[in-house]
Amino acid sequence: MIGKAILEDLPSELWLDIFTYLNTRDQYNGFYNLNTKINQFLLSYHYHISLKHNDENSEYLCEHVLPDLTHSKYISSLRLENINQMNIFQNLTLLHFPRLYSLTLSRLHITNTILDLLRYYAPHLQYLNISLFVSNKWNILLESILSLPVLQICYLNLGIAQCPIKSSNILESPIKHLTLVGSHHSCCMKKLTSLLNHLPFLNSLCIKCNKLECNQIISNQIHNKSLSCSSFSLTINNLPELFINFTLFLFTTMPHLEKLKIKCCNPLLNLVYINVYLWIKLLDLLINLKEIVLIFTLDKTINEKSWNKRYEDLLKFTKLRHINLRIISSKK
């Protein structure tokens, strides 16, 4: 005799699989209030909340899900995109997740209310992404970020990162991994010094800016102290013409580097950056370097045989130094 299966008999894993194929609105319209067990599944399913203006799922979350949420202390991730006009601000306690681990702010007008939210999340917040454009109160926002007591990973808009820090109350931020992003901002280490001097535990620094000239970074360097970074990644428009400038920049700024990644967006016009004799001088200074990744597009004027010869020479030398070298190249 074959027994009848009912909804309550389905294992929890199967319900979770079903929900992954449905958006929030369909989940609740299709299953909510069928029985108490399914209601509990639905209300405990959302551990990652994403809210966006003019988005049906976001509106439904705000109206039907967040008010009845039974596990707010287990919400670990929140993304807020262009929400300044949403009704959520009429009852901000709906966004009070006391153990939030990850927060992303995108295309927002920063208000005192959002700054208050950031302070509310401060005790547990370890990941913060504000790499896309936000407007207003940049200085206050940057100081609030540096005040977060357990923040480890931060993606930050390059414009915000270069704001002067006026407060004398900020001592040291625990940030270990910092990524600066901005295709429309100029950048120099002089402007970044105000931020970097507050990051004594920084382990990796990544700067991504396709329109950035390297000379904007390495010129006019003013540092109170070198960085403790062991990893540095740089995506830029053009490399400096003189390799010695690049060498001095790395050695004076990050003398303890173990990993180096450079991506140049414009085609290379010569073979300077795979010249083994120039790299010998750099590696004699950066004695801890263990891994190098170079991503280049070659200009059509570069001779392929000459490139391959330089590449083989550099590869042999780095192997002798026990350094892992990867050069990813393509022809324009």
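This is a predicted model: local features need pLDDT of at least 70, side-chain atom pairs count only at pLDDT 80 or more; totals for chains, interfaces and linings use all residues.
Ser230 is in contact, meaning heavy atoms within 4.5 Å, with Asn203, His256, Leu257, Glu258 and Lys259, leaving aside its neighbours within four places in sequence. The loop that holds Ser230 lies between helix 9 (214-218) and strand 10 (231-236). Helices (H or I, at least four residues) and strands (E, at least two) are DSSP runs, numbered from the N terminus. Ser230 is buried, as its relative accessible area is 14%; buried means under 20% relative accessible area, exposed over 50%, and partly exposed in between, with a 1.4 Å probe and protein chains only.

Residues are numbered from 1 along each chain as its sequence is written, and side-chain values use heavy atoms, with hydrogens and water left out.

Ser102 stands opposite Tyr127 in strand 5.

Next, the nonpolar core, a set of buried Ala, Val, Leu, Ile, Met, Phe, Trp, Tyr and Cys residues joined through side-chain atoms within 4.5 Å. Which members of the largest one touch the most others? They are Leu95, Leu156 and Leu178, out of 96 residues. Helix 5 (residues 112-121) gives the most to this core, namely 5 residues. Another core, of 5 residues, lies apart from it, and includes Trp15, Phe31, Ile38 and Phe41.

Finally, I consider a pair of helices. The axes of helix 2 (residues 24-31) and helix 4 (residues 56-65) come within 8 Å and cross at roughly 45°; axes are lines fitted to C-alpha atoms, for helices over the stretch in contact, and angles run from 0 to 180 degrees between N-to-C directions. Helix 2 is therefore oblique to helix 4, given that angles under 35 degrees count as roughly parallel, over 145 as roughly antiparallel, 65 to 115 as roughly perpendicular and the rest as oblique. From helix 2, Thr24, Arg25, Tyr28 and Asn29 meet Glu56, Asn57, Tyr60, Leu61 and Val65 of helix 4.

Conventions. Two strands pair if DSSP finds at least two bridges between them.
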